[in-house]
Amino acid sequence: MRKYGFNISDLVFKNPAVSDEEKNADPHIGSRDENADRGNWNSKKEYLLSMIGYAVGLGNVWRFPYLTYKHGGGAFLIPYVIMLSVAGLPLFFMESSFGQFCSQGPINVWKAVPIFQGVGITMMLVSTFVSIYYNVIIAYSIYYLFASFQEPLPWSDCSNWSDMNCNITAREYCNMTAYNGSLMAVNTSMIADGNQSCLEEFLASVPLQSPSERYWDVVALQRTSSMDETGPVVWHLALCLLLGWILIAAALFKGIKSSGKVVYFTATFPYAVLLILLIRGVTLEGARNGIEYYIGSQSNLTKLSEAEVWKDAATQIFFSLSIAWGGLTALASYNKFHNNCYKDSIIVCITNCSTSIFAGFAIFSILGHMAHVYGKPVSEVAQAGFGLAFIAYPDALSKLPISPLWSILFFFMLITLGLDSQFAGIEVITTCLQDAYPKVLKAKRGLITVLICIVLFLLGLPCVTGAGIYWVNLIDTFCAGWILLVAGLLEVFGLSCIYGGNRFIKDIEMMIGTKHALFWIWWRACWFFITPVVLLVILGWSLYTFTAPTYGSVEYPQWGIALGWCMTVFCLVWIPIVAVWKLVKASGNPWQRLKSVCSPTKDWGPYLECHRNERYGQAGMNDTNVYVISNKNSTRL
């Protein structure tokens with residue numbers, strides 16, 4: 001236990017056990033920080049921008065607009081908003097309040113329910129796996145950003161980098177019977193040159209790849225035919241990946257003190273670009289058709305009767321808000337104790353969902369113009385994921401005047417969207433390590449951050465080989481999918497049913513003030529019943545409809561699928577392992593052991609003694625000018 005004296009004349013908290021030299025050696029602690037051990041955000045703006053940047057990611061731009069178009073246009077907003085209310089917002093509020101209350105990361109917060117401490121380990125591991133491939137996507141964007149400094153854009157047509165499979169239209173062949181009775185395909189142009197004709201029933205159309213699609217496969221990825229064929233490291237992607245990790249290490253070198261400054265740009269710049277793209281898009285011919293397909297007159301309310309629509313709405317909300325990744329808890333743990341986490345949750349959730357809707361207009365207005373140029377319906381050019389970000393949208397931008405400018409803005413936006421999410425993912429890892437070994441790592445946060453970035457860069461090198469895109473898709477499928485649903489379900493069950501929903505509400509009121517009983521009716525209904533049921537249904541549906549992943553028409557080998565399941569098991573197995581270990585270490589008969597590991601530890605509660613009051617206070621603390629910080633942040637099992 002450490003005692004800190006409060007000097008009224010200086011109006012600062014001083015720690016006599018720590019010299020000024022030692023204090024200055026720890027750059028992530030500020031002189032105005034309430035928590036002198038862990039540090040706090042410099043301002044409320046930095047926290048909100050960090051949370052918005054974490055929640056608003058690539059999925060808001062390349063997944064939500066497509067889902068809206070796919071599931072009935074504007075009608076999809078109905079289940080989307082409902083799922084935000086019953087699942088997204090309650091879990092977001094719960095997770096951020098959980099971290100802020102005890103000022104601990106996603107592992108140590110489970111001192112509230114020790115038997116569930118494995119859930120925090122699962123969250124950290126998922127964030128680690130996702131950080132490996134997520135930065136590869138940033139590397140793709142960095143490469144395309146550099147490639148955009150050309151006129152014309154290299155993917156605008158089939159130039160010297162292309163091959164015979166690059167064309168805007170399909171190639172037609174005629175099946176002709178050879179003299180030996182076998183069939184052979186002859187190009188129709190060769191028949192025309194010989195003044196011959198081909199009967200319609202013998203015509204065969206072979207689809208080819210557009211210039212942007214071919215550029216993505218042949219130049220950017222240098223993609224091999226399957227996961228079995230690894231191929232060499234694609235060095236331009238490896239260098240872009242290295243640059244991405246350098247940017248992240250530099251931004252996080254001083255923890256939240258440095259990343260909080262960076263998010264002033266990275267969290268706001270995407271909105272400026274989306275606004276510019278929207279203004280440019282709505283002035284293009286065909287933009288109206290794209291917007292109508294997205295959320296206009298062609299909205300289909302009958303889609304609401306389909307179960308898949310509701311499942312996709314709930315899944316999009318869950319993953320878009322970054323729930324159960326551990327990042328919300330980690331970022332909120334650096335708040336001051338009396339920060340209004342309820343108000344923050346409302347602001348971040350509404351901003352996130354509004355951004356998704358707003359991005360759809362910017363995306364589909366330009367896709368509408370692209371469909372107009374090609375003379376195709378919007379449904380044939382609308383894609384999601386990699387197909388939208390690196391094939392369809394770049395292709396559409398290449399058709400605009402001053403196309404390099406629009407392409408540079410678009411990929412710069414993707415980079416900033418990805419970096420914000422990466423900041424929080426790495427913060428999860430560093431926070432968990434710092435909470436586990438506070439005395440050793442407190443003054444070495446910058447070094448730890450650099451080492452983590454180096455290790456993750458090396459682990460990400462297989463993702464920038466010729467088979468890299470298959471690895472990215474594999475990790476995304478098996479590590480960023482229903483594992484999070486399991487973690488989220490256990491989180492809400494552990495806090496509501498084992499720790500106690502009413503006790504948790506009293507903890508929140510210690511931070512934001514006492515609320516009327518009516519205020520908590522909705523939150524109680526969600527935490528005790530509605531949210532767990534929704535998560536359980538989504539989890540069951542996801543497992544029931546699970547199919548082996550593919551990349552386009554390329555199927556994964558059996559060893560690849562087995563490896564994916566191994567990653568899933570590795571993330572989840574710590575939940576039962578830690579639970580059993582806690583039971584074994586506990587004392588007493590089986591019932592006493594179970595009761596012990598389901599009850600908060602003695603050092604559970606607010607990090608600073610001055611905030612613990614009569615609910616968590618220690619006996620004998622009569623001097624109001626002295627408060628005690630328990631060195632309780634240990635994750636040793």
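Modeller: Helices (H or I, at least four residues) and strands (E, at least two) are taken here as DSSP runs and numbered from the N terminus. The model is a predicted one, so that local features need pLDDT of at least 70 and side-chain atom pairs count only at pLDDT 80 or more, whereas totals for chains, interfaces and linings use all residues. Residues are numbered from 1 along each chain as its sequence is written, and side-chain values use heavy atoms, with hydrogens and water left out.

On this basis the chain has 26 helices and eight strands. Burial is read from relative accessible area, with buried meaning under 20%, exposed over 50% and partly exposed in between (1.4 Å probe, protein chains only); buried residues make up 57% of the 637 residues in the chain. A contact requires heavy atoms within 4.5 Å, and among the contacts in the chain with a separation of 6 or more, 81% are between residues 24 or more positions apart.

The aromatic side chains come next. Rings of Phe, Tyr and Trp (its six-membered ring) are paired if their centres lie within 6.5 Å, and the planes count as stacked when under 30 degrees apart, edge-to-face when over 60, and tilted for the rest. By this rule there are 56 aromatic pairs. One of them joins Trp 482 and Trp 565, whose ring centres are 6.1 Å apart with the planes at 50°, so the pair is tilted. Because Trp 482 belongs to helix H21 (residues 482–512) and Trp 565 to helix H23 (residues 558–572), the pair ties together parts that are 83 residues apart in sequence. Trp 482 counts as buried at 16% relative accessibility, while Trp 565, at 32% relative accessibility, counts as partly exposed.

Charged side chains also meet aromatic rings. A charge sits over a ring if NZ of Lys or CZ of Arg is within 6 Å of the ring centre and within 35 degrees of the ring normal. Arg 503 lies over the face of Tyr 499, at 4.8 Å from the ring centre, and Lys 515 lies over the face of Phe 519, at 5.6 Å from the ring centre.

For helix packing, axes are lines fitted to C-alpha atoms over the stretch in contact, and angles run from 0 to 180 degrees between N-to-C directions. Angles under 35 degrees count as roughly parallel, over 145 as roughly antiparallel, 65 to 115 as roughly perpendicular and the rest as oblique. H23, which carries Trp 565, has an axis that comes within 5 Å of that of helix H24 (residues 574–585), and the two cross at roughly 30°. That makes H23 roughly parallel to H24. In this packing, Phe 570, Cys 571 and Leu 572 of H23 meet Trp 574, Ile 575 and Pro 576 of H24.

The H5 side of the contact includes Met 83, Val 86, Leu 89 and Phe 93, and the H22 side includes Trp 522, Trp 523, Trp 527 and Ile 530.

Loops complete the picture. Arg 38 is in the loop between helix H1 (20–24) and helix H2 (44–55), and at 2% relative accessibility this residue counts as buried. The C-alpha atoms of Arg 38 and Lys 442 are separated by 8.1 Å, although the two residues are 404 residues apart along the chain. Gly 552, in the loop between strand S6 (550–551) and strand S7 (554–555), is exposed, with a relative accessible area of 66%; its C-alpha atom is 9.9 Å from that of Gly 387, which is 165 residues away along the chain.

The backbone deserves a check as well. In the loop between helix H13 (307–320) and helix H14 (327–332) lies Ser 322, which has a phi near 60°, a positive value in a residue other than glycine. Ala 324, in the loop between H13 and H14, has a positive phi of about 70° although it is not a glycine. Ser 322 is buried, with a relative accessible area of 6%, and Ala 324 counts as buried at 0% relative accessibility. Finally, a cis peptide bond with omega about 0° joins Glu 151 and Pro 152, and Pro 152 lies in the loop between helix H6 (117–147) and strand S3 (171–177).
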